[in-house]
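Thanks for coming, everyone. Have a look at the chain on the screen, and I will walk you through it.

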Amino acid sequence: MSLFKEKHFSDESYIELMTIISSRGYQYIKLTDKFDGKCPTTKKRILLRHDVDISPAGALKLGKVEADNNVVSNFFFQLNAETYQMLSPACINICKELQSMGHLVGLHVDSALFSEEEDKIKGTIDWIRDNLFPMDYAISFHRPLPGSLGKKYAGFVSAYDADFFDTDYYASDSRGEDRFYEKLESLLNLDASLIQLLLHPCWWENETDKKKIYQLISQRRQNDLDEYLLFNFAKVFGNVIKRGDQ
Ligand SMILES: [Zn+2]
C-alpha cells in the first residue's frame, strides 16, 4: 500500500507529505547549516528545495504552511524571470518574510544570462545583500551546466554540491507531474541518509489546471505592468489603462 493517500498538488497533500517525511525520522535542513555551525542531530536528513521560477506568492504560501508544521526549507529566487520582478518591493518583502519564518532564501542562477563562475555569483549575492536584503549565501542553478553538478564553492553553497545532490537520492515535481511521489516513497523506504526534494511553488499554489495557471501568471504580469505605468507615467497612461473592474 502506498505511503501517500493524497498524491495531488493540494494543501492537504502537502501537509501529508511533510508529516510522513517527519514521521520517518527525517530532519529538514538548510544548505547553509554547516556554515552556521549547525550539526545534524539525526542520521536522516532532507533538503526541501523550492526553485521560484514562476510564483513568489506561491513561495510565500508554501513557506507559511511549512512554518506552521515546523519545517524549514530552501527557496531560490531568479533575477531574470519573465514571470515576476525580483527587484520589486513586493518580492523583496516576500524574501524577507520567508527568512523571518526561518527559511533559507538564495539565488536561482540562470546560466543562459549569468555566468556560473564563483566570483560572479558571489558578487551578485553580495550586491543583493548590500542593496536589498540579507540573501543567504546559497544557490541553485536553473539549468545547470554539466560542470556545475557536484561542484563545491568557497563563498556559498550550491544545491548541486555533491554533499547535497545525487540523482539517485533526488526527486522533483518538474512540469507539475506527480511522479515524484513514487521516487520519494522508495527513498523513504530505503532510509536514505540524505534526500533532496525539489518542489516548485507554482504547482502548489491553488490551481492544477495548466490553463488556469497560465491565466494567473499572465494576469499578474499585466497588473504589475499597469501599476508601474500608472505610478511612473500617470499623465501619459492614466486614461489609457483600465483597472480591473472598469
Ligand atoms: Zn529554475
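Helices and strands here are DSSP runs, numbered from the N terminus; a helix needs at least four residues and a strand at least two. By that count, the protein chain has 7 helices and 8 strands. Keep in mind that this is a predicted model.

Let's start with the overall shape. The C-alpha atoms fill a box of roughly 65 × 45 × 30 Å along the principal axes. How does the radius of gyration compare with that of a compact globule? For 246 residues, such a globule would come out near 18 Å, and the protein chain has 19 Å, which agrees. Of those 246 residues, 31% count as buried. Now take the contacts between residues at least 6 apart in sequence. Of these, 65% join residues at least 24 apart.

Next, domains. The assignment gives domain 1, residues 11-206, and domain 2, residues 209-246. Their C-alpha centres lie 30 Å apart. The contact between them takes 5 residues from domain 1 and 5 residues from domain 2. On the domain 1 side, those residues divide into 2 nonpolar, 3 polar and no charged.

Now, helix α6. It covers residues 210-232, which is 23 residues. From first C-alpha to last, α6 reaches 33 Å, close to the 33 Å expected at 1.5 Å a residue. Is α6 largely in the open or largely buried? Of its 23 residues, the number buried is 0, so α6 lies largely in the open.

On to the core. In soluble globular proteins, nonpolar side chains tend to be buried together. Here, the largest nonpolar core has 56 residues. Which of them touch the most other members? They are I46, F75, F77, I139 and L197. Let's zoom in on I46. Leave aside its neighbours within four places in sequence. I46 is then in contact with I21, Y26, Y28, I29, I195 and L197. Notice that L197 turns up on both lists.

Most residues other than glycine have a negative phi. N70 is not a glycine, yet its phi is positive, about 55°. N70 sits in the loop between α2 (56-68) and β3 (74-78). It has 10 C-beta neighbours inside 10 Å, so N70 counts as exposed. The second one is R175. Its phi is also positive, near 65°, and R175 is not a glycine either. You will find R175 in the loop between β7 (170-172) and α5 (180-189). Buried or exposed? R175 is exposed, because 9 other C-beta atoms lie within 10 Å and the cut-off for exposed is 12 or fewer.

With 16 other C-beta atoms within 10 Å, E97 is partly exposed. E97 and K64 are 33 residues apart in sequence, and their C-alpha atoms are 9.4 Å apart in space. What does R129 touch, not counting residues up to four places away in sequence? The answer is P134 and M135. As for E66, it is 63 residues from R129 along the chain, and 25 Å separates the two C-alpha atoms.

That is the tour.

Conventions:
Residues are numbered from 1 along each chain as its sequence is written. This is a predicted model: local features need pLDDT of at least 70, side-chain atom pairs count only at pLDDT 80 or more; totals for chains, interfaces and linings use all residues. A nonpolar core is a set of buried Ala, Val, Leu, Ile, Met, Phe, Trp, Tyr and Cys residues joined through C-beta atoms within 7 Å. A residue is buried if 20 or more other C-beta atoms lie within 10 Å of its own, exposed if 12 or fewer, and partly exposed in between; C-beta atoms are placed from the backbone. Two residues are in contact if their C-beta atoms, placed from the backbone, lie within 7 Å. The radius of gyration is taken over C-alpha atoms; the globule rule is 2.2 Å times the number of residues to the power 0.38. Domain bounds come from an automatic or database domain assignment. Ala, Val, Leu, Ile, Met, Phe, Trp, Tyr, Cys and Pro count as nonpolar, Asp, Glu, Lys and Arg as charged, and the others, Gly among them, as polar. The expected span of a helix is 1.5 Å times one less than its number of residues.
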